[in-house]
Amino acid sequence: MTITRSIRTPIMHRTVEVNGLVFVGGTIADDTSVPMGAQTENILEKIAGYLKEAGTDASRIVSATIFVTDLSHKKEMDAAWTRFFGDDLPARATVGVADLGGGALIEVVVTAAKG
């Protein structure tokens, strides 16, 4: 079994590929001062870029875990989410957390199929 790690940061690799799957580590928005919907859109675009670099795309995302600091903004996040994915919605879990650090309102982790 081959494991391929890409896009190194000081604390992790953004993507890890194994057995035809691409795992994308926790991703937050570049600008955490904007509302939840804008943060969601930015995160999904960043993830799409990571997946492109790994040789796949966002339509192949099969699972997502979303961490949010305020579930009262979930509708805003859901709207951005469905605009991005259209009918190709992945399986998903949304988890409320106390803090994500750096002012982030949302952090997203995904798994995508390769090929």
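Reader: Which residues of α1 meet which residues of α2?

Author: Contact means heavy atoms within 4.5 Å. Helices (H or I, at least four residues) and strands (E, at least two) are DSSP runs, numbered from the N terminus. In this predicted model, Met36, Gly37, Ala38, Thr40, Glu41, Leu44, Glu45 and Ala48 of α1 meet Glu76, Met77, Ala80, Trp81, Arg83, Phe84 and Phe85 of α2. These contact residues divide into nine nonpolar, two polar and four charged; Ala, Val, Leu, Ile, Met, Phe, Trp, Tyr, Cys and Pro count as nonpolar, Asp, Glu, Lys and Arg as charged, and the others, Gly among them, as polar.

Author: Two remarks on provenance belong here. Local features need pLDDT of at least 70 and side-chain atom pairs count only at pLDDT 80 or more, while totals for chains, interfaces and linings use all residues. Residues are numbered from 1 along each chain as its sequence is written, and side-chain values use heavy atoms, with hydrogens and water left out.

Reader: At what angle do α1 and α2 pack, and how is the crossing of α1 and α2 described?

Author: Axes are lines fitted to C-alpha atoms, for helices over the stretch in contact, and angles run from 0 to 180 degrees between N-to-C directions. Helix α1 (residues 36-53) packs against α2 at about 35°, and their axes are 8 Å apart. A crossing is left-handed if the near helix is turned anticlockwise from the far one by less than a right angle, and right-handed if clockwise; α1 passes α2 in a right-handed crossing.

Reader: Across which strands does α2 lie?

Author: Helix α2 (residues 74-85) lies across β4 (61-68), β5 and β6, and runs at about 155° to β5.

Reader: How is the order of strands in the sheet to be read?

Author: Strands of a sheet pair through backbone hydrogen bonds, either parallel or antiparallel. Two strands pair if DSSP finds at least two bridges between them. Here six strands form an open sheet in the order β1-β2-β3-β6-β4-β5, with mixed pairing. Each of β1 (3-8) and β5 (91-96) stands at an edge with a single partner strand, so one side of each is left without a neighbour in the sheet. On average, neighbouring strands of this sheet are turned by 10° against each other, direction ignored.

Reader: Which pairs of strands are parallel or antiparallel, and over how many bridges?

Author: Let us follow the order of the sheet.
- β1 runs antiparallel to β2 (residues 13-18), joined by five bridges; arginine 8 stands opposite histidine 13.
- β2 and β3 run antiparallel, joined by four bridges, with leucine 21 as the bridge partner of valine 18.
- β3 (residues 21-27) pairs with β6 (residues 106-113) in the antiparallel sense over five bridges, and leucine 21 stands opposite alanine 113.
- β6 and β4 pair in the antiparallel sense over seven bridges; threonine 111 in β6 is opposite serine 63.
- β4 and β5 pair in the parallel sense over six bridges, where serine 63 stands opposite alanine 91.

Reader: How many residues lie between the strands of each hairpin, and what is particular about asparagine 19?

Author: The hairpin of β1 and β2 has four residues between its strands, and that of β2 and β3 has two. Asparagine 19, in the turn of the β2-β3 hairpin, has a positive phi of about 50°. Buried means under 20% relative accessible area, exposed over 50%, partly exposed in between (1.4 Å probe, protein chains only). Asparagine 19 is exposed, with a relative accessible area of 63%. Isoleucine 7, in strand β1, also has a positive phi, of about 55°, although it is not a glycine; isoleucine 7 is partly exposed, at 23%.

Reader: Which residues touch the most other members of the largest nonpolar core?

Author: A nonpolar core is a set of buried Ala, Val, Leu, Ile, Met, Phe, Trp, Tyr and Cys residues joined through side-chain atoms within 4.5 Å. Of the 23 residues in the largest one, Ile47, Ile61, Ile106 and Val108 touch the most other members. The elements giving two or more residues to this core are β3, α1, β4, α2 and β6, and α1 gives the most, with seven residues. Leaving aside neighbours within four places in sequence, isoleucine 61 is in contact with Ile47, Leu51, Phe85, Pro90, Val110, Thr111 and Ala112.
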